[in-house]
Amino acid sequence: MPYDWIKSVTRVMKAASGQVKGLDRVPFFAISDEQFISRIMGITTREILSSPETYANCIIKTAEFIQADTIQIPSAYAGPLEAYAFAEVNNKMNSIQWYDYKPLAIKPGEVCKTEEDIEKLEIPDHSKIDLWETTFTTANIIKEKVNLSQSMGVSIWSVVQELRGIDAFKDIRRNPDLLLKLCEKIYESQLDAYNNWVEKVGVPPLIMYTGYAFNKHMMSFKDAMKYEGQFIKRFQEKIKSPFMLHNCGTKPYFKEICREIDFVAVNGSHPLDIEYWIDFKREFPKITIMGANIDVSREMLTGTPQDVEEKVRENIINLAPGGRYIVSPICCLPWGVPLQNVLAIPKAIEKYGRYPIKTS
Amino acid sequence: MTSEDLLMKLKDLIVEGEPQKTIELMEEIIKLGLDAKIILNEAIIKGADEVGILYEKEEYFLADLLMSGDAIKAAMEILKPKLLMHSDIKPQKVILIGTVEGDVHDIGKSLVSSLLQGQGFEVIDLGSDVPVETFVQKAKEIKPDIIGLSGLLTMSISKMHETIILLKKAGIPSKIIIGGGVVSKQSCAMIGADDCAKDGYEGIKKIKKILSE
């Protein structure tokens with residue numbers, strides 16, 4: 001029987017808008033990156049990216065295999081691919097590393113090694129970057145095949161870290177103006193990526209914003225607003241799509257940032273205390289929680305399917321009543337995760353996530 | 001200014017993370033002939049401890065740790081030759097550290113490396129994306145007290161596991177600590193590491209604890 005993507009889309013839309021009436025069950029969102037797709041499909045990253053058709057097929061088949069209700073193009077996440085674009089236009093392609101069974105990576109700090117590198121940093125034209133073109137076309141193929149519009153990723157600090165490396169943190173103390181200059185260039189670049197996306201794919205239904213600066217072990221909240229938050233606010237003034245906040249850090253400022261910036265959803269796994277998330281839902285009833293405390297490096301990786309089931313149950317009974325909750329393990333599904341643990345998620349949703357939710 | 005004042009000032013420069021000013025003051029202190037061990041214990045280690053407390057109280061963040069790390073490193077480069085002249089100085093503990101193969105993230109690992117070096121440990125930093133065989137080969141060569149495996153990506157756990165298996169197969173007796181956002185007590189136990197740390201600062205604390213046992 002073909003996978004019912006129309007049902008999945010409806011499920012996600014209803015859950016995210018808090019419409020429990022007519023909602024059959026809690027949806028399932030998982031982040032499958034190139035390594036997990038490689039594992040499921042049995043081909044290398046280069047083969048996956050060899051054509052938009054292959055890429056789209058692999059992404060769809062992986063999502064269907066794990067019985068997810070959503071699809072994301074891994075390269076649309078504004079991390080390594082943005083850094084790749086900067087590396088290409090600034091003649092730093094030797095900083096890019098390809099792997100057989102995982103996403104490409106950039107050696108942190110290679111593109112903006114010196115202050116001069118930042119001053120002279122060229123902003124990429126995304127229409128001329130091959131991997132971005134592949135991503136745009138892949139989004140269109142997915143839309144055509146399963147009628148699912150793709151979200152686009154934006155981020156400032158994750159790209160800063162890719163381009164400037166550990167020196168970015170030292171710049172907070174020793175050269176904040178230079179650091180802001182780099183943030184500004186990344187912001188301009190992301191706007192270019194967005195404009196290309198709109199032109200080639202259409203307006204994305206959701207912007208997946210990766211907010212790595214907003215972690216207590218990274219920087220103060222004030223600095224996070226300075227080097228990332230203010231740019232996200234500027235994005236929101238220009239971009240009409242709603243924003244979802246993704247943060248897979250272990251000490252996130254979820255509540256603090258949601259008091260400052262508008263999000264329709266948050267996607268994270270820490271703090272691991274479910275009480276934090278119950279309290280979050282109370283304070284932000286209109287924000288959809290995607291995740292809560294299902295962590296891929298804990299029960300997903302080292303536990304049993306029963307452990308995973310229990311974790312999903314805990315999240316559902318506490319957060320799913322009333323809608324605006326989507327089950328999601330955070331972050332990317334690791335290479336070594338037992339597949340029965342991944343498949344335990346849709347099974348647990350089927351068992352505990354049918355509306356109306358039984359809370360006892 | 002008295003010796004106590006100078007040591008206090010040096011400690012403050014470390015806490016404030018001022019590498020250049022630390023160098024200037026260190027040169028002044030060395031010229032005065034202050035005892036190297038007193039400089040280490042009364043200014044550098046006290047400064048490092050204060051930085052750690054501020055980090056734990058969330059008054060300091062990664063940028064502050066890194067800048068203080070640079071100041072400590074600068075002070076230690078000047079102090080090291082003087083310390084070696086002490087006959088009662090114990091042989092340095094050796095730490096082999098690196099980010100595992102397939103992972104290029106190096107912030108936590110570099111922080112650990114730089115702060116431990118700054119506190120007088122001998123740290124061999126293999127960098128990032130380090131092949132399993134390189135860890136084994138280097139461990140055989142330098143016989144480290146501790147091996148630190150770092151990683152940020154979720155797939156790094158598998159690579160840490162592979163590295164630990166080969167290190168044990170090669171008969172390397174060193175304690176192994178894993179670090180990074182992906183590690184947990186569960187994954188630590190699963191792959192046979194001796195301990196784990198979520199971030200760079202916790203890594204330093206755990207390494208120092210293991211070395212003091």
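H2(B) is followed by B:Gly33, which has a positive phi near 80 degrees. The model is predicted: local features need pLDDT of at least 70, side-chain atom pairs count only at pLDDT 80 or more, and totals for chains, interfaces and linings use all residues. Residues are numbered from 1 along each chain as its sequence is written, while chains are lettered from A and ligands numbered from 1 in the order in which they are written.

**Helix H2**
- Helices (H or I, at least four residues) and strands (E, at least two) are DSSP runs numbered from the N terminus.
- The 13 residues of H2(B), 19-31, should span 18 Å at 1.5 Å a residue, and the end C-alpha atoms are 18 Å apart, which agrees; the expected span is 1.5 Å times one less than the number of residues.
- B:Thr22, B:Leu25, B:Met26 and B:Ile29 are the buried residues of H2(B) (20 or more other C-beta atoms within 10 Å of the residue's own; exposed is 12 or fewer, partly exposed in between; C-beta atoms are placed from the backbone).
- Seen down the axis of H2(B), the buried residues fall within an arc of 110 degrees, so they line one face of the helix; the arc is that of the directions from the helix axis to the C-beta atoms.
- On the other side of H2(B), the exposed residues are B:Gln20, B:Glu24, B:Glu27 and B:Lys31.

**Sheet**
- Five strands of chain B form an open sheet with parallel pairing, in the order S2-S1-S3-S4-S5; two strands pair if DSSP finds at least two bridges between them.
- S2 (122-125) and S5 (195-197) of chain B stand at the edges with a single partner strand each, so one side of each has no neighbour in the sheet.
- S3 (146-150) and S4 (175-179) of chain B pair in the parallel sense over five bridges, and B:Ile177 in S4(B) is the bridge partner of B:Gly148.
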